[in-house]
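Here is a friendly tour of one structure, written for someone who likes to see the cut-offs. Have the model open as you read.

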Amino acid sequence: MSCHITKKRSYSDWSNVKRVVKQQESATRSGNSPLATADDTAQLLLQRGHEVVGLDNLNDYYDPKLKTARLNLLSQAERFRFARVDITDRDAVQNVFARERFNRVVHLAAQAGVRYSIENPHAYVQSNIVGFLHVIEGCRAHAVEHLVYASTSSVYGANTHLPFSEQQCVDHPLTLYAATKKANELMAHSYSSLYGLPTTGLRFFTVYGPWGRPDMALFLFTKKILAGEPIDVYYEGQHQRDFTYVDDIVKGVVAAVDHVAGADPHWNSDAPDPSGSRAPYKIYNIGNQRPVTLLRFIEVLEHCLGRKAIKNLMPLQPGDVPDTSADVDALARDVGYRPSTELDEGVKHFVEWYLEYYHRQPS
């Protein structure tokens, strides 16, 4: 998913009326974060008075009815319109950039998922490398003022020093998915350096919440617990994750859009900080800062559902990291935002949405 913002006036008027194009999905699968992140980002931008144009290829990787329901909610807004476009289609992306003349771009489209990248690596190169190139080339060619894009906590790979900081080296990815997202960060820096294009990469930590992808853990666990079916619990539930509620991600994304990346005058090439540069380039974590074990996550879900899970304890999956934890001090310092939603509250909101949505929707 990407959001692209067109400016009709001078920079000082940017907070007034803009055009935002939101690319929701990649060629073969939903975005890096739950697709809900894209829709919720668009909703918040609409609430702030922006004009939003949504792009999505509406593929059938998962239930298209869920995607259509999200789109229908956005379509109720007067300043929203939709176009079916695939980011791996170079000509289509070029045409959209030429037509809309975007001012700022929020790019959240990607082939998502750690385990699926082992099964279908080619899809990741197409969506995450080729698709990203088409978007950043559009930004370069049309003098976009700021590109904000989704990266992932998966780039930390073999690192074990917690919490994960943007200053850490991320040269040891454990999956192709993580490698493609690290490649996005490198591509962004090259464009920031060569063309002065301000870019901000946001490393999302385990996003969850309403309207998420059905292949994600919370969605799968909820469905199976309600059906009385066992759930697969990898690493016997002992690994920790920095579960981050979707609304916190969205607020961080929109705050980052407003904070245009700039060059760091104190950046030292003899001791380079990976999170910044002499070029207008920044990397930030967005995470909840309160990691919990998967077993604790399941306990919270059981409480919200009023049912106990039947757990099938499994070993650690290939490509998974044992623990994640986000250091978000840089985001709070520079952008002025820090996620705050408690796990109990976020899971409760998801369960309420799930029960309401699937009660009224045919299965």
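A salt bridge here is a side-chain nitrogen of Lys or Arg within 4 Å of a carboxyl oxygen of Asp or Glu. This is a predicted model, in which local features need pLDDT of at least 70 and side-chain atom pairs count only at pLDDT 80 or more, while totals for chains, interfaces and linings use all residues. Residues are numbered from 1 along each chain as its sequence is written, and side-chain values use heavy atoms, with hydrogens and water left out.

**Salt bridges**

The whole structure holds 18 salt bridges.

| Pair | N to O distance |
|---|---|
| Glu100 and Arg81 | 2.8 Å |
| Glu100 and Arg99 | 3.4 Å |
| Arg333 and Asp334 | 2.8 Å |

Glu51, Arg81, Arg99 and Glu100 are linked in a network of these bridges. Buried means under 20% relative accessible area, exposed over 50%, and partly exposed in between (1.4 Å probe, protein chains only). By that scale Glu100 is buried at 3%, while Arg81 is partly exposed at 34%. In the other tabulated pair, Arg333 is exposed at 59% relative accessibility and Asp334 is partly exposed at 23%.

**Helix α7**

Helices (H or I, at least four residues) and strands (E, at least two) are DSSP runs, numbered from the N terminus. In helix α7 (residues 217-227), the buried residues are Leu218, Phe219, Phe221, Thr222 and Ile225. They cover an arc of only 165° around the axis, which puts them on the same side of α7; the arc is that of the directions from the helix axis to the C-beta atoms. Contact means heavy atoms within 4.5 Å, and the cover over these buried residues includes β8 (207-208), β9 (230-233), α9 (294-305) and α11 (343-360). Just after α7, Gly228 has a positive phi of about 75°.

**A buried threonine**

Where does Thr324 lie? Thr324 is in the loop between β14 (310-313) and α10 (329-334). With 4% relative accessibility, Thr324 is buried. Not counting residues up to four places away in sequence, Thr324 touches Leu162, Phe164, Phe205, Thr206, Gln240, Arg241, Asp242 and Pro291. A polar atom of the Thr324 side chain lies 3.2 Å from the backbone nitrogen of Asp242, and a polar contact is a pair of N or O atoms within 3.5 Å (within protein, one must be able to donate a hydrogen and the other to accept it, and residues adjacent in sequence count only if both atoms are side-chain atoms).
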